[in-house]
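Grab the structure and follow along.

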Amino acid sequence: FLIMDLPDLLGDALIREYLKKKGLVDVLAVFDKENPRDSMTISSRTDVADHLSLSTSSYSSKLSYLEMVIADHLKDHSTTLQRPLTPDHQDEQPKKKKITCSFE
């Protein structure tokens, strides 16, 4: 395969592995129908980890590779996060200042 194909191939492999790990077999079937596997498909978890230089030993076996990649990215870029993305903050809107004026 060509190096320019690698991001798409790895992306598809990460999505397939995530869907399988989460038990989303119906979604995986639709994904496979819309993105058929071929001779270039990366189907080995070891190959995915090698291409991404992913050290899987430091993570829970419950996490998918996609979740590990995201966790690594967030850890490496944690100083750029302004606030945590937790359920407590998801619906939080910026506070609006109350403006009052009177005409006398």
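Q: At what angle do the axes of helix α1 and helix α4 cross?
A: A quick note before the angle: this is a predicted model, where local features need pLDDT of at least 70, side-chain atom pairs count only at pLDDT 80 or more, and totals for chains, interfaces and linings use all residues. Residues are numbered from 1 along each chain as its sequence is written, and side-chain values use heavy atoms, with hydrogens and water left out. Helices are DSSP runs (H or I, at least four residues), numbered from the N terminus, and axes are lines fitted to C-alpha atoms over the stretch in contact, with angles from 0 to 180 degrees between N-to-C directions. The axes of α1 (residues 6-21) and α4 (residues 65-76) come within 7 Å, crossing at roughly 115°.

Q: Which word describes how α1 lies relative to α4?
A: The label for 65 to 115 degrees is roughly perpendicular, against under 35 for roughly parallel, over 145 for roughly antiparallel and oblique for the rest. So α1 is, relative to α4, roughly perpendicular.

Q: Which residues in α4 do Leu14, Glu17 and Tyr18 in α1 meet?
A: Contact here means heavy atoms within 4.5 Å. On the α4 side, the partners are Tyr65, Leu66 and Glu67.

Q: Is Lys21 buried, partly exposed or exposed?
A: Lys21 is found in helix α1. Buried means under 20% relative accessible area, exposed over 50%, and partly exposed in between (1.4 Å probe, protein chains only). With a relative accessible area of 35%, Lys21 is therefore partly exposed.

Definitions and conventions. Helices (H or I, at least four residues) and strands (E, at least two) are DSSP runs, numbered from the N terminus.
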